[in-house]
Amino acid sequence: MEQMHFKISSFLKDLIGRELITDEFVAVFELVKNSFDAHAKKVKVIFEHQYDPQTARIIIWDNGRGMDKSDLQNKWLFVAHSDKRDGTEDKDYRDKIQHKRTFAGAKGVGRFSCDRLGRYLNLITKKDAPNALIENLKIDWTSFEEDSNKEFIDIKVERDVLSDIGYANFSKGTILEISGLRDIWDRARIKKLKVSLEKLINPIQGNDVDDFAIEIIATEELLLDKKEIDDRDKVNGVVRNIVFERLGLKTTQIKVSITNHGGTITTTLTDRGTEIYTLKERNPYEKLYDIDIVLFVLNRAGKINFKKIMGVDSVKYGSVFIYKNGFRIYPFGEEGDDTLQIDRRKQQGFYRYLGTRDILGRIEINGERSDLRETTSRDGGFIKNESWDQLVEFFYDKALRRLESYTIGIIKWGDEKFDKETGEIIQPELKPEDVKDKILDIIANLTKAKDVIEVQYNQDFLQIFESKQEKSATQLVKNLTRMAEETNNPQFVKQAKAVEKQVSEMRQSIGELERENASKTEENKKIRKNVSQLQTEKMFLLSDVTDDKKGFKSLQHHITHTSDMISEHISNAVELLDKREYGSVKEELKHIEIENQKILTLSNFVSKAKFDTKTKKINDDIIGFICEYINNIYLITHKKIKVQTNRPSFKYTLRFIPIEIIIILDNLLNNSEKAGAKEVILNWNQQNDNLIFSFLDDGNGIEPSILPHIFEYRFSTTDGGGLGLYYIKELINKMGGRIEVDNNKQKGVEFIITFKK
């Protein structure tokens, strides 16, 4: 039987070169990764004469182990051979390094990136060995393109030994001089390369990448670099490797890791520095091990902060990157890339899912893995196989969906609201302490899963009192107890008992507070009634205490202050009761009890006046009453506003209840003070048998748009504190009078009250 063999056309060079590596940045990536695999500590990417197409060169110079003639013949010139993949690369080098590096490349075609960058290659290399020679290869890639009938092995490559290369401090390593460039490397293109190289290496992933530096040198850009303030806008310099954790983004993040040789998945969810939960569960993905996922949610503030730090919009920087052994797999995370179909999924439920604009993060794959392999086309991502399918499922089920469940379902991330005054978009994310019940629901649901091994969470979430939260806590106790029984885990047994005790104490506390609340409700009613009575009576003391003006001033001050304090505490208590924050209600009731005792003491003294201000009417000069109240009572305690009474020579006798007149005056004066008035002028005149009372202030006036509503029930433009114009109108109408408003003043507002006998 005759045996035959394949013939290989010289055009194979294009198939494994420019047609596979179509992106100039990916080509540089591959050559930089080759330098790393050669155990270089530093690689320089040098641009010479970049604006002259005839002389422009890219030089990639590393200080790695270098090559000798044998390495060139049996490795570098051996097409598709990769001693990184077959494990022979480190055999003669392991004793010289701290530990074995995991290789960034393993295809054996990265060297053809030189063809993508330029037509000519001048390779200079010297092995890290005694008496090593400086080897030189010269390759004209166009010679492979002349005739497809020529066999690949028939195209010759020039090899030489050099004595002087013109590079200072070259003791070992490899220099690639690429000329006949296929692209114009202007400032913009080099800056884009620099940004891409920033994302090439993940220093947090280990694999000696912290001990590997990339430097860009472009001498023709030095003058422009000196004009730039921000280092990020400069071309020349060492490339900084950015890790998201170091940005200080105060946002929600999730970290998921497959550890213990693939046996365990550990998930930790953190929100703005507060750890929500940590979950350990069995790993159902038999193809996956030693993988980490870190995702950050970027709200509007986070995106602004990112741009401030990075100098670029987060959406233009990228989204979810994938790194294998510390080196980026292209094109994952690139702007516009949706290989993971994150945006396609978001279109199916815009308000239910997060998109690439909303998240930033990475997937880290560690170790030698033959199952998760890059495509030969270096910008094609991973080969689609069962391991890839499980990686995608792992990403969605254990990372993205859990992050969405919290950010969209719990803290309402992304529900935009607008500031009415500025028009600015407001992100109303809730804080963890605001949604303890819902967080507890999530934790309780997580512990239902059969694969859960252990769960840890912020114990503050159990400090709850609402019935729904109690239900969640009860469910959590059941789940923890079941897990303790199934796993026979002493830690779980201890945790379940501790939570059960805490929930039991919580129920007991709720019962005590509800019983205490019932007894305090009646007490609150009595206090309200008492305060109302005292507030009505306090200003009418003048008629019987005029002979002790100094004592009255002191008494009046104490009653006013004390009753105001009681009102404030009652309001606080009512709000807390509505929120069912019973623990805080206790403190308010204590304050009320103390202040009420003060009122009771004062009321005993006031009772000596022997009158009932709620019902007693007097028949007297109302003008004189108002003027005496303003000058002798009101202005004693109110220093911020000046009141000019302009008392007329005539009197106007009217039957009225003094406290009602005082309420009217107090509220009008209070409104003027809140409107910024410095002075109020009171005037009187008679029309027929009626008294016309003018109350004019110099405040801010009333907006015409709200003028028709000022006498409506509960209408207010302030924070409250008075009865409002509705009640003033009611009191005046009950007296047979009327109140009108004149808002057409140059400054302030005038209220005109008509009294009838």
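This is a predicted model: local features need pLDDT of at least 70, side-chain atom pairs count only at pLDDT 80 or more; totals for chains, interfaces and linings use all residues.
## The chain overall

The protein chain has 757 residues, and 48% of them count as buried. Its secondary structure comprises 20 helices and 25 strands.

## Two helix pairs

Two packed helices are described by the angle between their axes and the distance between the axes. Two pairs are set out here.

| Helix pair | Angle between axes | Distance between axes |
|---|---|---|
| Helix 2 (residues 24-37) and helix 6 (residues 187-198) | about 50 degrees | 10 Å |
| Helix 19 (residues 658-674) and helix 20 (residues 725-734) | about 150 degrees | 10 Å |

Start with helix 2 and helix 6. Their axes make an angle of about 50 degrees. Helix 2 is therefore oblique to helix 6. The crossing of helix 2 past helix 6 is right-handed. Which residues of helix 2 and helix 6 meet? Helix 2 brings Glu24, Phe25, Val28 and Phe29. Helix 6 brings Arg189, Lys192, Leu193, Ser196 and Leu197. Sorted by class, the residues of this contact are five nonpolar, one polar and three charged.

Now turn to helix 19 and helix 20. Their axes pack at an angle of about 150 degrees. Here the crossing of helix 19 past helix 20 is left-handed. On the helix 19 side, the contact uses Glu660, Ile663, Ile664, Asn667, Leu668 and Asn671. On the helix 20 side, it uses Leu725, Ile728, Leu731, Ile732 and Lys734. The contact of helix 19 with helix 20 has seven nonpolar residues, two polar ones and two charged ones.

## Buried residues and their partners

Ile58 sits in strand 2 (residues 57-62). Is Ile58 buried or exposed? Its relative accessibility is 1%, so Ile58 counts as buried. Its contacts can be listed, leaving aside neighbours within four places in sequence. Ile58 then touches Ile46, Phe47, Leu176, Glu177, Ile178, Leu181 and Trp185.

Gln390 belongs to helix 11 (residues 386-407). Gln390 counts as buried because its relative accessibility is 8%, under the 20% cut-off. Which residues does Gln390 contact, leaving aside its neighbours within four places in sequence? They are Tyr285, Glu286, Lys287 and Leu288.

## Cysteines

A disulfide is a covalent bond between the sulfur atoms of two cysteines. How many disulfides are counted in this model? The count is zero. Cys114 has a relative accessible area of 1%, so Cys114 is buried. Cys627 has 2% relative accessibility, so Cys627 counts as buried too.

## Residues in loops

Some loop residues have backbone angles to look at. His39 lies in the loop between helix 2 and strand 1 (42-48). The phi of His39 is near 65 degrees, a positive value in a residue other than glycine. His39 counts as buried because its relative accessibility is 6%.

Arg272 is placed in the loop between strand 10 (264-271) and strand 11 (274-282). Arg272 is not a glycine, but its phi is positive, at about 50 degrees. At 34% relative accessibility, Arg272 counts as partly exposed.

Next comes a peptide bond. Which residues are joined by a cis peptide bond with omega of about 10 degrees? They are Tyr330 and Pro331. Pro331 is in the loop between strand 14 (327-328) and helix 10 (342-348).

The loop between helix 10 and strand 15 (359-365) holds Tyr351. Is Tyr351 buried or exposed? Its relative accessibility is 70%, so Tyr351 counts as exposed. Along the chain, Tyr351 and Ile408 are 57 residues apart.

Note on methods. Residues are numbered from 1 along each chain as its sequence is written. Side-chain values use heavy atoms; hydrogens and water are left out. Axes are lines fitted to C-alpha atoms, for helices over the stretch in contact, and angles run from 0 to 180 degrees between N-to-C directions. Helices (H or I, at least four residues) and strands (E, at least two) are DSSP runs, numbered from the N terminus. Angles under 35 degrees count as roughly parallel, over 145 as roughly antiparallel, 65 to 115 as roughly perpendicular and the rest as oblique. A crossing is left-handed if the near helix is turned anticlockwise from the far one by less than a right angle, and right-handed if clockwise. Contact means heavy atoms within 4.5 Å. Ala, Val, Leu, Ile, Met, Phe, Trp, Tyr, Cys and Pro count as nonpolar, Asp, Glu, Lys and Arg as charged, and the others, Gly among them, as polar. A disulfide is a pair of cysteine sulfur atoms within 2.5 Å. Buried means under 20% relative accessible area, exposed over 50%, partly exposed in between (1.4 Å probe, protein chains only).
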